[in-house]
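Open the model in your viewer and keep the sequence panel beside it. This tour goes from one selection to the next and says what is there.

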Amino acid sequence: MNKKKESALKVNKGIKQPPSVNHDAVKKLQQKRKQAYSVSQYVEGITKGDRSILSQAITLIESSLPKHQIIAQEIIAKCLPYSGNSIRIGITGVPGVGKSTFIEAIGKQITSTGGQLAVLAIDPSSERSKGSILGDKTRMEDLAIDKNAYIRPSPSAGSLGGVARKTRETVVLCEAAGFDTIFIETVGVGQSETAVHSMVDFFLLLMLAGAGDELQGMKRGIMEMADAIAINKAEGDNINKANLAKVQYQNALHLFPQKKSNWIPKATTCSAISNKGIIDIWNMIKDYKTHTQDNNYFKNNRREQSKYWMYETINDNLRFHFYNNSDIINKLKLLEGKVLVGEISSFYAAKILIDDYFNLK
Ligand code: GDP
């Protein structure tokens with residue numbers, strides 16, 4: 001017997017294997033990725049409503065690379081004349097209140113009547129904790145496949161100010177792409193409401209009934225910003241409690257000073273899951289738009305917001321450059337140590353650093 005032939009370890013004559021990596025395909029992919037559009041190609045694509053180009057331009061806005069930022073700013077500047085024709089709606093509420101279910105329900109209402117909806121989010125926690133918004137669960141499944149809707153998750157990197165500013169810039173591009181309704185969602189647990197409030201026309205607070213004193217746990221400041229409070233999950237056994245909460249919130253809203261818009265904020269109930277009260281909220285938002293356009297608040301408020309974002313951007317950039325200056329980084333630690341042991345005052349340390357920074361420039 002030929003032992004060699006029986007061996008399980010027989011080595012066959014090799015045949016030439018195709019490379020495990022398809023270099024041609026990789027090259028093509030790399031070329032495609034590198035394929036940078038010119039600013040005017042971006043603008044043309046965006047204004048034609050090309051989703052893919054819009055998404056790539058938003059990625060430039062979100063990038064921290066200076067060369068991307070330069071292109072992004074040019075695109076924004078060129079899109080600005082095509083922007084503004086929308087209603088911008090902020091929506092907040094604690095995790096689990098039903099924000100994404102609500103946006104899906106009202107969003108379907110909007111898109112089924114021909115509206116073009118963009119949904120953006122501000123979630124400064126998203127880098128650390130994978131986010132309170134847009135986590136691993138699939139959200140807004142219907143809207144995600146709706147050709148009249150565009151969903152963009154929160155930019156993840158950076159400070160709240162940075163994340164918010166990027167979203168503010170993204171609004172411009174979405175409007176230039178033809179979206180006439182912009183939702184900006186945020187979690188009702190931090191500072192992000194103020195940022196959202198300063199970039200929207202209408203601010204909606206979602207709440208739940210029950211859980212003891214209705215007004216506990218909700219920061220007054222957030223309630224004061226709201227143009228409407230909707231008590232969600234108002235169905236079945238929960239209806240009575242929701243109606244009670246509605247009255248309590250309505251009373252609480254009356255205690256705040258009158259809004260500059262002269263709009264009287266409303267409390268209402270809804271059930272996002274069973275699509276109840278959703279159309280009423282949409283009609284209310286449309287009433288608000290008419291009301292504030294008639295009394296010019298709509299336009300004036302947007303002007304004020306633009307001014308606000310100019311200063312926010314200056315502050316953000318100054319802070320970034322200061323803390324990323326290598327000389328300052330070195331001196332900061334040293335002076336911090338001196339302040340900690342009481343060798344110099346906080347104010348003097350700050351003065352030294354700031355004087356140094358401006359002399360270095
Ligand atoms: P988010 O964290 O605020 O975005 O909340 P979700 O939209 O993810 O909703 C949290 C949970 O509440 C999910 O299980 C939803 O199905 C449920 N939910 C949302 N809206 C309603 C509603 O109107 N009624 C009831 N019963 N459940 C709802």
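Start by selecting Cys 79, which counts as buried because its relative accessibility is 0%. Bear in mind throughout that this is a predicted model. Next, select Cys 174: this residue also has a relative accessible area of 0%, so Cys 174 is buried. A disulfide is a covalent bond between the sulfur atoms of two cysteines. How many disulfides does the structure hold? The count is 0.

Now select residues 160–176, helix H9, together with residues 297–323, helix H14. Their axes come within 10 Å and cross at roughly 135°. Angles over 145 degrees would count as roughly antiparallel, and 65 to 115 as roughly perpendicular; H9 and H14 are therefore oblique to each other. The crossing of H9 past H14 is left-handed.

Which residues meet where these helices touch? On the H9 side, show Gly 161, Gly 162, Ala 164, Arg 165, Arg 168 and Glu 175. On the H14 side, show Arg 302, Ser 306, Trp 309, Thr 313 and Asp 316. Sorted by class, this contact has 5 charged, 4 polar and 2 nonpolar residues.

Stay on H14 and select Tyr 323, which lies in this helix. Is Tyr 323 buried, exposed or partly exposed? Its relative accessibility is 46%, so Tyr 323 counts as partly exposed. Setting aside neighbours within four places in sequence, Tyr 323 is in contact with Ile 329 and Leu 332.

From C-alpha to C-alpha, Tyr 323 and Tyr 357 are 9.9 Å apart in space, and they are 34 residues apart in sequence.

Notes:
Residues are numbered from 1 along each chain as its sequence is written. This is a predicted model: local features need pLDDT of at least 70, side-chain atom pairs count only at pLDDT 80 or more; totals for chains, interfaces and linings use all residues. Side-chain values use heavy atoms; hydrogens and water are left out. Axes are lines fitted to C-alpha atoms, for helices over the stretch in contact, and angles run from 0 to 180 degrees between N-to-C directions. Helices (H or I, at least four residues) and strands (E, at least two) are DSSP runs, numbered from the N terminus. Angles under 35 degrees count as roughly parallel, over 145 as roughly antiparallel, 65 to 115 as roughly perpendicular and the rest as oblique. A crossing is left-handed if the near helix is turned anticlockwise from the far one by less than a right angle, and right-handed if clockwise. Contact means heavy atoms within 4.5 Å. Ala, Val, Leu, Ile, Met, Phe, Trp, Tyr, Cys and Pro count as nonpolar, Asp, Glu, Lys and Arg as charged, and the others, Gly among them, as polar. A disulfide is a pair of cysteine sulfur atoms within 2.5 Å. Buried means under 20% relative accessible area, exposed over 50%, partly exposed in between (1.4 Å probe, protein chains only).
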